[in-house]
Amino acid sequence: MLKCQLHCHAQGDPIDSINYSPKKLIDQAAKLGYEVLCITCHRKILFTEELARYAATKNILLIPGIEFEINKKHILGINVNKEILEVDNFEKLSNASLEEGAAALLAYESQIPAIAKTKMDGLKRFYGIKDK
């Protein structure tokens with residue numbers, strides 16, 4: 001089984017005041033044995049290829065992510081690109097291209113386990129991740 005953290009923030013988040021850099025977050029995740037990490041700052045994607053390469057040196061798969069709001073509901077975008085920044089309502093979210101394994105999960109809201117599992121299975125297939 002993979003140890004994953006799909007909702008965390010780092011310095012550079014435009015809303016939360018975080019005092020550790022994305023690299024320090026990756027270092028700490030590595031110390032704690034995480035294998036997959038998704039940094040989900042508010043309305044900002046911190047993911048870069050440089051950070052992904054750095055995470056890989058720590059044996060961590062870094063996935064691009066974001067946290068945003070629609071109708072005061074916190075939503076995590078997992079495996080996203082800059083197009084997600086244009087999403088500001090549920091209609092746009094439902095029409096967003098999630099074909100390449102991207103997922104949108106309501107944060108802090110109850111999830112239907114079968115739907116959450118389907119989304120995670122899609123991410124695993126896309127990245128070629130196999131449970132240990």
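Cys-4 is partly exposed in this predicted model, with a relative accessible area of 32%. Partly exposed here lies between buried (under 20% relative accessible area) and exposed (over 50%), computed with a 1.4 Å probe on protein chains only. Cys-41, at 0% relative accessibility, counts as buried. The closest cysteine sulfur to that of Cys-41 belongs to Cys-8, 8.0 Å away, which is too far for a bond. The structure holds 0 disulfides, a disulfide being a pair of cysteine sulfur atoms within 2.5 Å.

The model is predicted, so local features need pLDDT of at least 70 and side-chain atom pairs count only at pLDDT 80 or more, whereas totals for chains, interfaces and linings use all residues. Residues are numbered from 1 along each chain as its sequence is written, and side-chain values use heavy atoms, with hydrogens and water left out.

Leu-61 lies in strand E3. Strands (E, at least two residues) are DSSP runs, numbered from the N terminus. Leu-61 counts as partly exposed, at 27% relative accessibility. Its C-alpha atom is separated by 9.3 Å from that of Cys-4, 57 residues apart along the chain.

Strand E3 spans residues 61–70 and also contains Glu-67. Glu-67 is buried but has no salt bridge (a side-chain nitrogen of Lys or Arg within 4 Å of a carboxyl oxygen of Asp or Glu). The nearest side chain of opposite charge, Arg-43, is 10 Å away; Lys and Arg count as positive, Asp and Glu as negative, and His and the chain ends are not counted. The Glu-67 side chain does make polar contacts with the side chains of two histidines: His-7 at 2.9 Å and His-74 at 2.6 Å. A polar contact is a pair of N or O atoms within 3.5 Å; within protein, one must be able to donate a hydrogen and the other to accept it, and residues adjacent in sequence count only if both atoms are side-chain atoms.

Definitions and conventions:
Helices (H or I, at least four residues) and strands (E, at least two) are DSSP runs, numbered from the N terminus.
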